[in-house]
Amino acid sequence: MAVYIKEATAISPQNTFGAKVLPEEPATYTDVNMLRCIEPVYRDFIDPMVARRMSRIVKMGVCCALRCLRDSGIEVPDAIIAGTGLGCLEDTEKFLGSIYANEEKLLNPTPFIQSTHNTVAGAVALAIKCHNYNATYTHRGFSFENALEDALLQLAENPGLRMLTGGFDEVTPGSYEITRRMGLWKNHPVSNLSLEQYHTRGSLPGEGVAFFMLGGRKDAGDWAAIRSIQTFYKPASEAEVAQRISNFMADCGLKTGKPDLVIFGKNGDVTGDRYYEYVISGLLKNIPHVSYKHLCGEYDTSASFALWLAALMIKEQRIPSYLEGGKNLPRELNHVLIYNHLRGVNHSLYFLERC
Amino acid sequence: MEQLIAKLKSEIIEVLNLSELSPDEIDENAPLFVEGLGLDSIDALELIVLLEKNYGLKLGTAEEGKKVLRSVRSMAEFIRENNKG
């Protein structure tokens with residue numbers, strides 16, 4: 001069974017908010033340690049008296065979800081399902097800092113209330129007075145996938161439902177500093193468009209929000225169809241990854257045996273990119289491929305950005321030049337495979353079809 | 001008293017993140033909740049923390065809270081009457 005993407009909105013380090021066509025030019029960042037989102041004008045979507053309590057990621061999440069709802073013409077969805085790896089970090093840091101600074105006394109309630117992982121989905125529900133199903137999944141690099149899986153399962157039972165489903169994560173200077181010491185990021189400033197060319201350890205941290213309006217019945221104007229998703233945890237080897245991708249494609253019933261395009265989550269970290277290189281030179285050899293993390297950076301729910309990108313490319317039937325791998329580009333995008341992993345631990349596969 | 005009211009207004013703007021307001025725009029005699037600034041119960045908690053953190057003052061009962069948190073002026077009067085610092 002396929003699930004149809006009726007509408008999608010992304011807030012990212014690129015000019016993606018409300019975009020109905022792919023940006024002609026990428027946003028470039030030179031000598032940076034992290035990629036942060038280009039923020040929309042919040043007051044167009046959120047009452048300033050309400051927004052004053054919201055941290056940056058909550059405002060981005062609510063704004064993105066409300067834009068997705070508005071563009072899809074749905075006032076109240078049948079469900080709001082979100083996935084986030086690290087939740088609302090800014091408020092978490094503020095709250096923990098306050099505990100330390102005030103010796104565990106006199107804590108301000110707002111950062112605590114707003115720091116929970118389900119703040120965004122809850123705030124969206126409050127904004128539109130939605131009393132329907134509301135859930136937030138947090139499971140590192142499977143967070144968005146689990147949210148999507150929930151939507152897919154519910155749509156399998158009730159195809160007529162409309163599920164607002166999304167992923168979000170933010171990077172803050174505090175979280176960057178801690179994870180930098182863990183060796184997750186490059187130890188020098190980088191230029192985002194050259195991310196794959198450094199051939200060193202570590203990646204470039206990023207952030208983003210993407211929301212999708214999903215339905216189980218095909219309509220005119222759908223962006224793309226999600227045929228299947230799959231996750232797998234800590235594969236033993238690159239060969240196991242290749243085997244899993246092969247099985248996944250077979251399960252998806254690809255008649256030609258190959259997708260028209262593969263979107264990889266290469267992030268410029270040699271320790272993690274080896275999985276991609278292995279299948280590029282083997283199982284998926286000669287299949288056109290592109291990467292996306294030079295546009296949004298690395299974060300737990302970055303696959304939601306890849307899904308937004310894939311859906312829009314399928315809808316537009318166009319691969320922008322800043323994504324091109326440079327060779328064998330397909331004339332049509334009928335089947336697109338996304339393969340991403342987070343630090344070699346959480347691996348995910350998405351299979352999309354043209355509607 | 002007027003100096004204390006001005007200081008309190010700035011502190012309220014900061015803790016409640018009312019960055020779009022200037023101290024002059026807050027009427028010290030207007031109700032803080034529902035009308036006036038239109039604050040709610042979470043804001044009340046923030047104001048209670050403000051009083052304790054900045055002035056070392058605790059509100060004893062809910063009734064006292066209602067009276068003290070009625071307006072900026074009532075908060076200032078409570079501080080002036082009780083602040084030993």
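This is a predicted model: local features need pLDDT of at least 70, side-chain atom pairs count only at pLDDT 80 or more; totals for chains, interfaces and linings use all residues.
Local features require pLDDT of at least 70 and side-chain atom pairs pLDDT 80 or more, whereas totals for chains, interfaces and linings use all residues. Residues are numbered from 1 along each chain as its sequence is written, and side-chain values use heavy atoms, without hydrogens and water.

Helix H11 (residues 302-316) of chain A comprises 15 residues; helices are DSSP runs of H or I with at least four residues, numbered from the N terminus. From first to last C-alpha, H11(A) reaches 21 Å, close to the expected 21 Å at 1.5 Å a residue (1.5 Å times one less than the number of residues). Of the 15 residues in H11(A), 13 are buried (under 20% relative accessible area, 1.4 Å probe, protein chains only). Just after H11(A), A:Gln317 adopts a positive phi of about 55 degrees.

Helix H6 (residues 143-157) of chain A packs against H11(A) at about 55 degrees, with the axes 7 Å apart; axes are lines fitted to C-alpha atoms over the stretch in contact, and angles run from 0 to 180 degrees between N-to-C directions. Contact (heavy atoms within 4.5 Å) involves A:Phe144, A:Glu145 and A:Leu148 of H6(A) with A:Ala303, A:Ser304 and A:Leu307 of H11(A).

The axes of helices H8 (residues 238-251) and H9 (residues 270-280) of chain A come within 9 Å and cross at roughly 60 degrees, so H8(A) is oblique to H9(A).

Notes:
Chains are lettered from A and ligands numbered from 1 in the order in which they are written. Helices (H or I, at least four residues) and strands (E, at least two) are DSSP runs, numbered from the N terminus. Angles under 35 degrees count as roughly parallel, over 145 as roughly antiparallel, 65 to 115 as roughly perpendicular and the rest as oblique. Buried means under 20% relative accessible area, exposed over 50%, partly exposed in between (1.4 Å probe, protein chains only).
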